[in-house]
Amino acid sequence: MDFDIPTTTNPPAQSQGSPIADLSYRTYEGELKTRSLRWWVISLSMLRSLKKNVGFWITSAIILLVYVLNGLQLYLTSNLPAGINPLAGDEKTKYTNVFYSANTQHGLLLFIVALIVGAGAISADNKANALLVYLSKPLTKADYLLGKWMGIFITLFLETFVPSLVLYLYCLTSYLDKGFFKNDPMLFFKIVASASIPAALHASIMVGCSAWSKAPRIASLFYAGIYFGSAMISGIAFGVLYRGDFERGQTVMRYSLSGTIEALQQITYHVVVKNPLFNLAIPPIVTFLPVAVVLGVVGVAAARAKIHAVEVVKG
């Protein structure tokens, strides 16, 4: 008995893909550009992360308190002659000295803020291998580095500028008839420049320390070593070379990160600090500006050299 055995046939070939209905893209002849402020996304994420950081807000409150106390001191001594109040200086720099003093008094607090906002800026991404994600998007190394740098810079700049602006407005409304604006009409611009100096230096060196670390704690220790170590070395050099003669050795004593910041701020405000122990003369800008530029360039270059989307293995 014969049975009909069914024969198998290959199914008809299916189309590998449907044609694109809209072909208007073929006529586009313009350039493919993304947003020009790509770095701002990275900076904004850093700023948002500070909202719940208790240590950041406590340090910021202490910085504000420094300016409040300087404003209170100005209020209590505003009617005293310059000869009776040694902290006031001469009459023309009476108010300018207050801002310079407040800037230098919170230098250590600003260093702490730099650690809080900057220690994990790149090191946390290194630990989480997040650079592979960042640089796989339409972001270049320059975009990424600029975003991290600006995140630190903006935070530190506002830490100095905002309380300085509050103090400036108080002085403007309270002492306008006593020569506040007349004595130093460029004071507002000096405030902006003085707030930019520590923000730029801290941001530049901090990104370098963070990029060469895989943990925020290691970056903090590395940067603390630079900050305090440079001050210790300059202090030792001052003691060996000048044996406590501050009048002759004050320039050498400032050859540190913190000393360079204070020197540039004093140059910006252009005031001579007078107190019963010594007079702090205005340092030469040709000495400290190159130091600041070298520190900033080295920090940024070190960070850029370490930023890679993937680990590079050299045989």
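Colleague: Which crossing does helix 3 make as it passes helix 7, left-handed or right-handed?

Modeller: Helix 3 crosses helix 7 in a right-handed manner. A crossing is right-handed if the near helix is turned clockwise from the far one by less than a right angle, and left-handed if anticlockwise. Helices here are DSSP runs (H or I, at least four residues), as are strands (E, at least two), numbered from the N terminus. The model is predicted: local features need pLDDT of at least 70 and side-chain atom pairs count only at pLDDT 80 or more, while totals for chains, interfaces and linings use all residues. Residues are numbered from 1 along each chain as its sequence is written, and side-chain values use heavy atoms, with hydrogens and water left out.

Colleague: At what angle do the axes of helix 3 and helix 7 cross?

Modeller: The axes of helix 3 (residues 94–105) and helix 7 (residues 141–174) cross at roughly 155 degrees and come within 11 Å. Helix 3 is therefore roughly antiparallel to helix 7. Angles over 145 degrees count as roughly antiparallel, under 35 as roughly parallel, 65 to 115 as roughly perpendicular and the rest as oblique. The axes are lines fitted to C-alpha atoms, for helices over the stretch in contact, and the angles run from 0 to 180 degrees between N-to-C directions.

Colleague: And which residues of helix 3 and helix 7 meet?

Modeller: Val98, Phe99 and Asn103 of helix 3 meet Thr160, Ser164, Leu167, Tyr168 and Cys171 of helix 7. Contact means heavy atoms within 4.5 Å. By class, five of these residues are nonpolar, three are polar and none is charged. Ala, Val, Leu, Ile, Met, Phe, Trp, Tyr, Cys and Pro count as nonpolar, Asp, Glu, Lys and Arg as charged, and the others, Gly among them, as polar.

Colleague: How do helix 2 and helix 7 lie, roughly parallel or roughly antiparallel?

Modeller: Helix 2 (residues 54–77) packs against helix 7 at an angle of about 25 degrees, with the axes 10 Å apart. Helix 2 and helix 7 are therefore roughly parallel. The residues of their contact divide into ten nonpolar, five polar and one charged.

Colleague: What about the angle of helix 2 with helix 4?

Modeller: Helix 2 and helix 4 (residues 107–118) pack at about 160 degrees, and their axes are 10 Å apart. That makes helix 2 roughly antiparallel to helix 4. The crossing of helix 2 and helix 4 is left-handed.

Colleague: New topic. How many residues are in the largest nonpolar core?

Modeller: The largest nonpolar core has 73 residues, and Phe99 and Ile152 are among those with the most contacts inside it. Helix 7 gives the largest share of this core, 13 residues. Such a core is a set of buried Ala, Val, Leu, Ile, Met, Phe, Trp, Tyr and Cys residues joined through side-chain atoms within 4.5 Å.

Colleague: What does Ile152 touch?

Modeller: Not counting residues up to four places away in sequence, Ile152 touches Met46, Val117, Gly118, Ala121, Ala203, Met206 and Val207.

Colleague: Last one: is Gln250 buried or exposed?

Modeller: Gln250 is buried, with a relative accessible area of 10%. Buried means under 20% relative accessible area, exposed over 50% and partly exposed in between (1.4 Å probe, protein chains only). Gln250 lies in helix 11 (residues 246–253). Residues up to four places away in sequence aside, Gln250 touches Asn279, Leu280 and Ala281. Of the 315 residues of the chain, 41% count as buried.
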